[in-house]
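Here's a quick briefing to read alongside the picture. Keep the structure open and look things up as you go.

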Amino acid sequence: VHQAVSCVNNAQVELYHDNSKKFETTAAGIDVTGTAVVDGFTIDGKAEQAAETLTAGATVTVDCSTGNYFKLTAGQNTTIAFSNVPSNGTSYVCILEITAGTYSVTWPAAVKWPASSSGAAPSITASKVHNFVLATSDGGTNWRAQGNVDYAS
């Protein structure tokens, strides 16, 4: 027997798919397990996402399927790569927060920097926090990037 709906008097309502809970009402709102596909989306209030911590290394891969805010404390010269980039026609924006010692960061050739910087990536300043905003809508063939660098620690 498969469970489909569970209603608890003065408490939660639960919806199941193939005996696996996917939707539940809570005192604070709702809890969805899995992916929600909606035709429109309006947020009335704040939206939050936990920062995804990246593991330092010679090559660090930003997995776009895991979020939009990433933190890296670089312990060596680092090359950035991207994986699981949404397909062409789907917009994706992420922020990459990097703190580094006296190390360099190398970006993929697909990352384009503003003409005001002669197309060059900003330099990393030792022991400072740097925020890079990157956006693509062509599956990662081109990334438009902006760097906010040299924040106080």
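Of the 153 residues in the protein, 24% are buried, where buried means under 20% relative accessible area, exposed means over 50%, and partly exposed is in between (1.4 Å probe, protein chains only). Keep in mind that this is a predicted model, where local features need pLDDT of at least 70, side-chain atom pairs count only at pLDDT 80 or more, and totals for chains, interfaces and linings use all residues. Residues are numbered from 1 along each chain as its sequence is written, and side-chain values use heavy atoms, with hydrogens and water left out.

**Overall build**

- The protein has zero helices and 13 strands; helices (H or I, at least four residues) and strands (E, at least two) are DSSP runs, numbered from the N terminus.
- Its radius of gyration, taken over C-alpha atoms, is 20 Å, while a compact globule of 153 residues would come out near 15 Å (that rule is 2.2 Å times the number of residues to the power 0.38).
- Along the principal axes, the C-alpha atoms fill a box of roughly 60 × 35 × 30 Å.
- Take the contacts (heavy atoms within 4.5 Å) between residues at least 6 apart in sequence: 45% of them join residues at least 24 apart.

**His130, tucked away**

- You'll find His130 in strand β12, which covers residues 129–138.
- His130 is buried, with a relative accessible area of 0%.
- Its side chain reaches two backbone atoms: the nitrogen of Thr125 at 2.9 Å and the oxygen of Lys128 at 3.1 Å.

**Ile30, out in the open**

- Ile30 sits in strand β4, residues 30–32.
- With 53% relative accessibility, Ile30 counts as exposed.
- Setting aside neighbours within four places in sequence, Ile30 touches Phe23, Glu24 and Thr25.
- Val13 is 17 residues from Ile30 in sequence, and their C-alpha atoms are 9.4 Å apart in space.

**Cysteines**

- A disulfide is a covalent bond between the sulfur atoms of two cysteines.
- How many disulfides does the count come to? Zero, going by the rule that a disulfide is a pair of cysteine sulfur atoms within 2.5 Å.
- Cys64 is in no disulfide, and the nearest cysteine sulfur, that of Cys94, is 5.8 Å away.
- Is Cys64 buried or exposed? Cys64 is buried, because its relative accessible area is 7%.
- Cys7, on the other hand, counts as exposed, at 60% relative accessibility.

Terms used
A polar contact is a pair of N or O atoms within 3.5 Å; within protein, one must be able to donate a hydrogen and the other to accept it, and residues adjacent in sequence count only if both atoms are side-chain atoms.
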